[in-house]
Amino acid sequence: MAEIAEFSDPQQTGRARRLLFRRLIDFVALPATSVAPQDRSMGGDILLDMLFHVSKEERIFCAKRLKATKEAPRRLMRYLAQSDIEIARCLLEDNEVYDSADLCEFVEKTTIDHRLLIAARKRVSPTVSEKLCERDEGAVLKRLLKNPGATISESGMDLLVQHSRKIEGLAPLIIKRLELIPSQAMAMFWWSDGPTRRIILQRQAAERTELVDLCSDVFAVAAQENWSDAVARKTLQLIERRQRNRPAIDKSPYDSLEHAVEIAAEKGLDPELAQEIGFLAGVKPVTIAKILSDPGGEGLAVLCKATGLKRPYLTLLWKALRRPQELSAGEPHPQFAYVKETYELLAVAKAQTTLRYWNWSLSSAYSPAMTENAAEDGTLSDIDQAYSASQRTARLVFGR
């Protein structure tokens, strides 16, 4: 009875458990050369069961002790990584034992604090980045974009571009990423701030000189066929040098694009006149509507530079939209001054490429695309739409 009373002493209770707990931690942390994998796995299973019954402080101690090891059993390490953030922090920050599948599981099953740590890891694979991009958590997405060790897939970048419509401050970070492609940048243009728009116009638009030269002989062949092939016609319209729609002038009530702009400045823009300016400029109604309704106005600078409209006609278009050109003190309105400066900075070739890309992609949301396999009904298969640059850009812009 004396011996039983001695073991029941409160001062002695739990001492064996604490010693065993630390011994097990030391055991699973041993280097690979010191213990057989089967033994380590068994020790990890026992330690994991003990973790269910220890205090939070002891779990933190365990995580810190295993912070640098790559040898500990994966089940044990995955449990610690999904524990409270105080426990998981050091492992998610530094430990390289976790693969992409583990990290994707953590993204799904843990908290935003865990996801912030995952987004800041030294290396973030495209798979994990895409999983993080599925959520509209601004803090996580911004940390991911700032991480030079993160690689973002094209699908992940599509998600980021979508989120940038609603999350303030995301677009300026996206535009710095090397993974961004022109179609994504051109879509993001419509809701970006002025400085980001300018970067898009200057850096993301191609001059297409080599492409035009390579395809120069195809124009004559298409003309001989009377432009009967819809796919070839649409593609060559994106590539060709000339922007204005010459045949439209013969059918227009206006002598030229300049004349239509002058009338618009005088009488104001109505839907019919806006559509006529679009036809003369060689763009579809949805494209000219998007440009003219855009509050920033940089699209007007692109339209004028791409179509060869001189500086005064940018002013006339601004006037036609009834937007202020001056402040009450007689100074230039800052937004109009910014648009005029954008016009001056734009190269003609890049402005044309930008305008044509908008026209190509925006109109895809409203007119059926044609492919060789879908020439009869004018539809695209699901996989075709998923990979079509114009269709994807249109969905990003219009949210479809």
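Axes are lines fitted to C-alpha atoms, for helices over the stretch in contact, and the angles between N-to-C directions run from 0 to 180 degrees. The exercises below concern a predicted model, in which local features need pLDDT of at least 70, side-chain atom pairs count only at pLDDT 80 or more, and totals for chains, interfaces and linings use all residues. Residues are numbered from 1 along each chain as its sequence is written, and side-chain values use heavy atoms, with hydrogens and water left out.

**Exercise 1. Describe how helices α5 and α7 are arranged.**

Step 1. Helices (H or I, at least four residues) and strands (E, at least two) are DSSP runs, numbered from the N terminus. The protein chain has 27 helices and 0 strands.

Step 2. Two packed helices are described by the angle between their axes and the distance between the axes. For α5 (residues 74–81) and α7 (residues 100–109), the axes come within 10 Å and cross at roughly 30°.

Step 3. This makes α5 roughly parallel to α7; angles under 35 degrees count as roughly parallel, over 145 as roughly antiparallel, 65 to 115 as roughly perpendicular and the rest as oblique.

Step 4. The crossing of α5 and α7 is right-handed. A crossing is right-handed if the near helix is turned clockwise from the far one by less than a right angle, and left-handed if anticlockwise.

Step 5. Where the two helices meet, Arg74, Arg78 and Ala81 belong to α5, and Asp102, Glu105 and Phe106 to α7. Contact means heavy atoms within 4.5 Å.

**Exercise 2. Classify two aromatic pairs and state whether their residues are buried or exposed.**

Step 1. Rings of Phe, Tyr and Trp (its six-membered ring) pair if their centres lie within 6.5 Å; planes under 30 degrees apart count as stacked, over 60 as edge-to-face and the rest as tilted. The whole structure contains 6 aromatic pairs.

Step 2. The ring centres of tyrosine 98 and phenylalanine 106 are 5.2 Å apart and the planes are at 85°, so this pair is edge-to-face.

Step 3. Buried means under 20% relative accessible area, exposed over 50%, and partly exposed in between (1.4 Å probe, protein chains only). Tyrosine 98, at 6% relative accessibility, counts as buried, and phenylalanine 106, at 0%, also counts as buried.

Step 4. For phenylalanine 189 and tryptophan 358, the ring centres are 4.9 Å apart and the planes are at 45°, so the pair is tilted. This pair links distant parts of the chain, 169 residues apart: phenylalanine 189 is in the loop between α13 (182–188) and α14 (194–204), and tryptophan 358 is in helix α25 (residues 348–362).

Step 5. Both phenylalanine 189 and tryptophan 358 are buried. Together, Phe189, Trp190 and Trp358 form one aromatic cluster.

**Exercise 3. Characterise glutamate 258 and arginine 322 by location and accessibility.**

Step 1. Glutamate 258 is located in helix α19 (residues 257–267). With a relative accessibility of 19%, glutamate 258 counts as buried.

Step 2. Apart from neighbours within four places in sequence, glutamate 258 is in contact with Arg244, Leu309 and Tyr313.

Step 3. Arginine 322 lies in the loop between α23 (311–320) and α24 (334–345). Its relative accessible area is 49%, so arginine 322 is partly exposed.

Step 4. Arginine 322 is not a glycine, yet has a positive phi of about 60°.
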